[in-house]
Amino acid sequence: MKFREIEKKWQKKWEEKKIFEVKENPKKKKFYVLDMFPYPSGAGLHMGHAFVFSLGDIFARFKRMQGFNVLYPIGYDALGLPAENAAIKAGTHPKDYTKNSIKNFMRQQKAMGWSYDWSRMINSSDPEYYKWDQWIFLKMLEKGIAYRKKAPVNWCSKCETVLANEQVVNGKCWRHEDTDVEIRHLEQWFFRITDYADELINGLDKLGWPENAKKLQRNWIGKSHGTEIDFEINGKNWPIFTTRPDTIFGVTFMVISAQHSRLMELVTKEQKKEVDKFLKKIKTVSKKSMKEVEELEKEGAFTGSYAVNPMNGNKIPIYTGNFVLADYGSGMIMAVPGHDQRDFEFADKYEIPVKVVIQSKEADLSPERMTEAYTGTGKLVNSGNFDGLSNEEAKEHISIYLKEKKLGRKVVNYKLRDWLISRQRYWGTPIPVIYCDKCGIVPEKELPVKLPEKVKFGKGNPLATAENWIKTKCPRCGGKGRRETDTMDTFANSSWYYLRYTDSKNDKKIFDVKKTNYWCPIDQYIGGPEHITMHLIYIRFYTKFLRDLGLLKFDEPALRYFTQGIVHGSDGEKMSKSKGNVIEPFDMINKYGADTLRLALVSFASPDKDTNWDEKIVMGSYKFLNKVFDFFSEIKFSKPDRKTESKLNRIIKELTDDVEDFRHNLAVIKIRQLFDFLADNGADKKIAESFLKMLHIYCPYLTEELWGKLGNKTFISFEKWPVADEKKIDKKLEEQEKAVENLISDINNVLKIVGSKNKVFIYTLPNEKQFYSGSAILIKKKTNLDAEIYAVNDKEKYDPENKSKKAKPGKPAIFLK
């Protein structure tokens, strides 16, 4: 099979006829399939791209054949730090680097046979695209969603920029896994995503996403009900959030986050040296998850200040510590070492008293004898008028008391923080505001605000070097102004890109509302698990904001989301050039063809599971497709029998369900089984065509070629997906075929043990002989043995070793000679 010739032939035909370009059609049901648009690296496609984009193409082709008007677009997430750094390393400008990278990407994507509507292509580094990023920013500024404030931020010294909370993983930069993130206090731009926190949680209930993805988002948003209690500190009121007001009488110290913006207000002159020493030690302990905080060795320093417990007037020492998150609750906690394990560990280390306020039914708790905190339920003790209440009852009673005394209130709290979008790098969307000494922050009038090309790359923010670009006129008063030199987080570019695909050439509006509301929301979105608590939260937020502007008639961007696994190297490790285990997709295409690679990628394992590269499976796929090509090149049609009709319709039914639910590894097994059956039993034209249609979504080039060889003049890409006629599925015949397959497998297994033989004698139970009658020819073909089949009660049978006694229901006995 000359696969390269076939691929080039059909690539050309598809492009010439523009068969995958689509338009809105109210008479036709739409289906929007989308892969997350890629960052176009100079290295080109990697195996992860080949895998995930093949999943999208398979589904798009499947839905097309089912009669849907399918939108399957492509574009490039072209802005961002990786492109900027790669360009600097290559000694070129990010604009030129990106342009060349996209060309390379497109060539490789087309080689894979992915059926994109190329006419809708977008590129986030094109000013005509990021013009609308800026338009959205200004709308957010107008509505009070975008704002600027000084705040503790995550700083990556390698990126030399700020990171959003979601971009800090295990205390490290998400791009540089070996780089600790530092905390700095800077003036930054934020999006008030917290305004949508409740809706972001509630909206998950109606989404067809994996439960794990929804759980991760719920935990990230982290809604919790609790009580805010007012503690007096140095004559000022400090509200402290807690979910455990029942333990307030057990508070023996307070802990303020080491990253809290007001920490130094509490540090006395006598304690400053000790606190500074502690802060220096933990300066790289950045925004960690709750789980990571629990696992930390608890450390801190006394600030020198005290809080007053509003319930009993006790003075409580305030420490700063490494196990309190600055951006959760109020950034300070009331510590109850008797009933919280992390507080207990801290108290034990710094010799702080422990007080029991919840008594266990099982044991008499005493601070002197406790080796760990008691975190169970019980009755309140040492709690004044609340003694004797169950601790669950006490939560409500104490909260009511605090409210009545104006010392506290019930509140809802979230782990989710507002989205920090400022980045101190060049290759991003310029933030469209001007600073004027007279007018303050002024929105730009003319969009897009384009990136200046003449900047100096090296240390710090390159945009800060573009003096001529920075200096401008204030749009409001005409006086001297200066442009914002921060750019927007590139996750902003990807938070609405799916909408631009619906009207990508519109230069008057962000998109035509009618077109967008025809195609959207996305019916099937496909991407990696790493995007669940970043991109997938941001894209949902943007959708809700644009809906509130009256542009969208839907609440959620994607109805279904599929999380694909990762293809590792053959050694089980993540593919990496330093490990020498990288497999380049283009190498595989040149060696085996794109269809082979596509088929192999979905044959390794279930697509939602991580898997290891295995070239044996690639070789197996290559051999299989060559057999298919040879069979169809020499096919002679024959009238199908009931068994063939039954098998075909059963496989159509099962395979359709498998494709719908992304069980492609199982679907491919069924395709192979059907082919083996047809190769043994023959087929008419209709059955042969049904087989090609099912194979087409995995191997588009080969099937287009073979479709033509059957005398068809149309594109198989737009043929109707086969529909099962369930009346033709004969379960008895299917069971009979399965029984023969199992028998052949048993014979081959015995042959492996005993070696070469010429003949096989088969002994079945009398009522099962009909299952195996007529299978001698197939047994000969599959085992190379002549076969004689007997019922165990046949007096004329040949059975020199009395093997027939071993026959069981569904498992004939065999004798080899």
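Predicted model: local features only at pLDDT ≥ 70, side-chain atom pairs only at ≥ 80, totals over all residues.
## Strand β10 and its neighbours

Strand β18 (residues 408-413) is antiparallel to β10, with six bridges between them; here I229 has G408 of β18 as its bridge partner. Strand β13 (residues 300-308) also runs antiparallel to β10, this time through two bridges. How many of the 10 residues of strand β10 are buried? Seven are, so β10 (residues 224-233) is largely enclosed by the rest of the structure.

## Stepping back to the whole chain

The protein chain has 26 helices and 33 strands. Its C-alpha atoms fill a box of roughly 105 × 75 × 50 Å, taken along the principal axes. Of the 817 residues in the chain, 56% are buried. And if you take the contacts with a separation of 6 or more, 75% of them are between residues 24 or more positions apart.

## A four-stranded open sheet

Next, look for an open sheet built from four strands, ordered β6-β5-β9-β19 and paired in the antiparallel sense. At its edges are β6 (161-163) and β19 (419-420), each of which pairs on one side only. A helix comes in here too: α5 (residues 127-142) packs on the sheet and touches β5 and β9, and its direction makes about 90° with that of β9.

Inside the sheet, strand β5 (residues 146-156) and strand β9 (residues 182-191) are antiparallel and share 10 bridges. To find your place in this pairing, look for R148, which stands opposite W189 in β9.

## Helix α22 and the helices packed on it

Two packed helices are described by the angle between their axes and the distance between the axes. With that in mind, take helix α21 (residues 664-681) and helix α22 (residues 685-696): they pack at about 155°, and their axes are 11 Å apart. Angles over 145 degrees count as roughly antiparallel, so that is the label for α21 and α22. The crossing of α21 with α22 is left-handed. Which residues of α21 and α22 meet? From α21 come I671, L674, F675 and L678, and from α22 come I687, F691, M694 and L695. By class, this contact of α21 with α22 has eight nonpolar residues, no polar ones and no charged ones.

Helix α20 (residues 642-660) packs against α22 as well, at an angle of about 20° and with the axes 11 Å apart. That makes α20 and α22 roughly parallel, since angles under 35 degrees get that name. α20 also passes α22 in a left-handed crossing. On the α20 side the contact involves T644, L648, I651, I652 and L655, while α22 brings I687, S690 and M694. The contact of α20 with α22 divides into six nonpolar, two polar and no charged residues.

## Two buried spots in helices

Helix α18 (residues 594-601) is worth a visit. Is this helix largely enclosed or open to the outside? Eight of its eight residues are buried, so α18 is largely enclosed by the rest of the structure. The buried residues of α18 are A594, D595, T596, L597, R598, L599, A600 and L601.

Last stop: Q736, which lies in helix α24 (residues 731-754). With a relative accessible area of 16%, Q736 is buried, because the cut-off for that word is under 20%. Leaving aside residues up to four places away in sequence, Q736 touches Q770 and F771.

Notes. Residues numbered from 1 in each chain as written. Heavy atoms only, no water. Buried < 20%, exposed > 50% of the residue type's maximum accessible area, 1.4 Å probe, protein only. Pairing = 2+ DSSP bridges. Axes fitted to C-alpha atoms, helices over the stretch in contact; angles between N-to-C directions. Parallel < 35°, antiparallel > 145°, perpendicular 65-115°, else oblique. Left-handed = near helix turned anticlockwise from the far one by under 90°. Contact = heavy atoms within 4.5 Å. Nonpolar A, V, L, I, M, F, W, Y, C, P; charged D, E, K, R; others polar.
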